[in-house]
Amino acid sequence: QVQLVESGGGLVQPGGSLRLSCAISGFNRQILAIAWFRQAPGKEREGVSSFSYTDGTTYYAPILKDRFTFFRDNARNDIVYLKIFNLQPDDTATYYCATKTSAWTTNQNAGALVDAEFDSWGQGAQVTVSS
């Protein structure tokens, strides 16, 4: 079972930036993809970004791609990051990282930001954007 621990959340003023980290451990099966999701109060969880270890493709939710950047240290396979720029109050949410080790239900392109596709989840990091 993969263990995931998010960190880096906090209170940020509008217009600020933040870097979230996701530490990965316990993987004894190949991870096919890793993703960031978020859930705002009273809203459904939504996909933010994901990365395919199979072919190196990075996916973003179209409305977020200009301010969100997924990145990782290529020399390490135990941590990934999400950098968020120009934070807005609507970005207030709990941010989760998740991994996928099982086969895609449909295909990678269709499932990359679908939470049901991912089988291990972290506990989440709270991000609050407020002045």
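Which residue in S8 does Cys22 stand opposite? The views below take up this point and others in a predicted model.

**View 1. Cys22 and its surroundings.** Cys22 stands opposite Val80 in S8. The strands S3 and S8 run antiparallel and are joined by six bridges. Contacts of Cys22 beyond four places in sequence include Leu4, Val5 and Glu6. Cys22 also touches Ile34 and Trp36. Asp78, Ile79, Val80 and Cys97 complete the list of residues touched by Cys22, leaving out those up to four places away in sequence.

**View 2. The open sheet S1-S3-S8-S7.** Four strands make up this open sheet, with antiparallel pairing. Strand S1 (3-7) and S7 stand at the edges. Each has a single partner strand, so one side of each is left without a neighbour in the sheet. From one strand to the next, the twist averages 20 degrees.

**View 3. The largest nonpolar core.** This core holds 27 residues. Leu20, Cys22, Ile24, Trp36, Leu82 and Tyr95 touch the most other members. At least two core residues come from each of strand S3 (18-25), strand S4 (33-39), S5, strand S7 (68-72), strand S8 (79-84), strand S9 (93-100) and S11. S3 gives the largest share, four residues. In soluble globular proteins, nonpolar side chains tend to be buried together.

**View 4. Ser52 in strand S5.** Ser52 belongs to strand S5, which spans residues 46-52. Is Ser52 buried or exposed? Its relative accessibility is 1%, so Ser52 counts as buried. Two polar neighbours stand out in this view. The side chain of Ser52 makes a polar contact with the side chain of Asp55, at 3.1 Å. A polar atom of the Ser52 side chain also lies 3.1 Å from the backbone nitrogen of Thr54. Leaving out residues up to four places away in sequence, Ser52 touches Leu32, Ala33, Thr57 and Gln108.

**View 5. Gln123 in a loop.** Gln123 sits in the loop between strand S10 (120-121) and strand S11 (125-129). Which residues does Gln123 touch, not counting those up to four places away in sequence? They are Leu4, Val5, Glu6 and Tyr96. Gly15 is 108 residues from Gln123 in sequence. In space, the two are 26 Å apart, C-alpha to C-alpha.

Note on methods: Residues numbered from 1 in each chain as written. Predicted model: local features only at pLDDT ≥ 70, side-chain atom pairs only at ≥ 80, totals over all residues. Heavy atoms only, no water. Buried < 20%, exposed > 50% of the residue type's maximum accessible area, 1.4 Å probe, protein only. Polar contact = N/O pair within 3.5 Å; in protein donor to acceptor, adjacent residues only side chain to side chain. Contact = heavy atoms within 4.5 Å. Core = buried A, V, L, I, M, F, W, Y, C linked by side-chain atoms within 4.5 Å. Pairing = 2+ DSSP bridges. Axes fitted to C-alpha atoms, helices over the stretch in contact; angles between N-to-C directions.
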